[in-house]
Amino acid sequence: AALAMLLLAVWLMRFDLAFKSVKQKELTRFIALALIAGFIWLGIGGIIGLIYGNATSGPLYDSFLHAVFLGFVFSMIFGHAPIIFPAILNVQMNYTSRFYIHLALLHLSLVLRVAGDLGGWFEGRQWGAMLNGIAIAVFILNTVTSIRKKQA
């Protein structure tokens, strides 16, 4: 599974349109950056899984799970939300550069968390975990306020 994740990340980095879209502006650029960051975390998760694949609990397992499920999955959620939410909820979203706050906070906090996991730095792991939660809360806040502004 870890090898498949790594190979998928390499394939996505080679063939996904995000690398062309990143040259665009505003929402298109935001989505592309979110996807690219997710691809990187999928690759990191694959590497961690290949090296520490026998870990079933503890910090090594935590780093693997969070690289994949926070780094990849939530980056995909953050990047696709401005397209999916309007389609599903029948609303319009107003793109704002504030979207970069939750995206950057997610990835910086995840770097802190994984570094804490892999380096045996418990405080870094704790701070990273807390900031992971804050990044998700900021995402929800930014998403809700961007919908409200367009509806008013």
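Q: How many aromatic pairs does the rule for rings give?

A: The count is seven aromatic pairs, where rings of Phe, Tyr and Trp (its six-membered ring) pair if their centres lie within 6.5 Å, with planes under 30 degrees apart called stacked, over 60 edge-to-face and the rest tilted. The model is predicted: local features need pLDDT of at least 70, side-chain atom pairs count only at pLDDT 80 or more, and totals for chains, interfaces and linings use all residues. Residues are numbered from 1 along each chain as its sequence is written, and side-chain values use heavy atoms, with hydrogens and water left out.

Q: Why is the aromatic pair of Trp11 and Phe15 called tilted?

A: The planes of Trp11 and Phe15 are 45 degrees apart and the centres 5.3 Å apart.

Q: What separates Trp11 and Phe15 along helix α1?

A: The two residues are four apart in α1 (residues 2-15), and therefore about one helical turn separates them. Helices here are DSSP runs (H or I, at least four residues), numbered from the N terminus.

Q: Why is the aromatic pair of Phe74 and Phe78 called edge-to-face?

A: Its planes lie 85 degrees apart, with 6.1 Å centre to centre. Because that angle is over 60 degrees, the pair is edge-to-face. Phe74 and Phe78 are four residues apart in helix α4 (residues 59-89), which means a separation of about one helical turn.

Q: Which residues do ring pairs link into a cluster?

A: The cluster consists of Phe30, Tyr95, Phe99 and Tyr100, linked by ring pairs.

Q: How do you know whether His66 is buried or exposed?

A: The relative accessible area of His66 is 19%, which is under 20%, so His66 is buried. His66 lies in helix α4. Leaving aside neighbours within four places in sequence, His66 is in contact (heavy atoms within 4.5 Å) with Gly71, Leu110 and Arg113.

Q: What makes Asp117 count as buried?

A: Asp117 has 4% relative accessibility, which is under 20%, so the term applies. Asp117 belongs to helix α5 (residues 99-119). Not counting residues up to four places away in sequence, Asp117 touches Pro59, Asp62, Ser63 and Arg125.

Q: How does the reach of α1 stand against the expected 20 Å?

A: The expected span is 1.5 Å times one less than the number of residues. Helix α1 has 14 residues and reaches 20 Å from its first C-alpha to its last, close to the expected 20 Å.

Q: Which residues of α1 are buried, and what puts them on the same side?

A: Ala2, Met5, Ala9 and Leu12 are buried in α1. They cover an arc of only 85 degrees around the axis, so they are on the same side of α1; the arc is taken from the directions from the helix axis to the C-beta atoms. The buried residues of α1 pack against α2 (18-21), α3 (26-52) and α4. The face turned away from the buried side of α1 carries the exposed residues Leu7 and Arg14.

Q: Why is Ile40 called partly exposed?

A: Ile40 has 39% relative accessibility, which is between 20% and 50%, so Ile40 is partly exposed. Ile40 lies in helix α3. The C-alpha atoms of Ile40 and Ala9 are separated by 6.8 Å, while the residues are 31 apart along the chain.

Definitions and conventions:
Buried means under 20% relative accessible area, exposed over 50%, partly exposed in between (1.4 Å probe, protein chains only).
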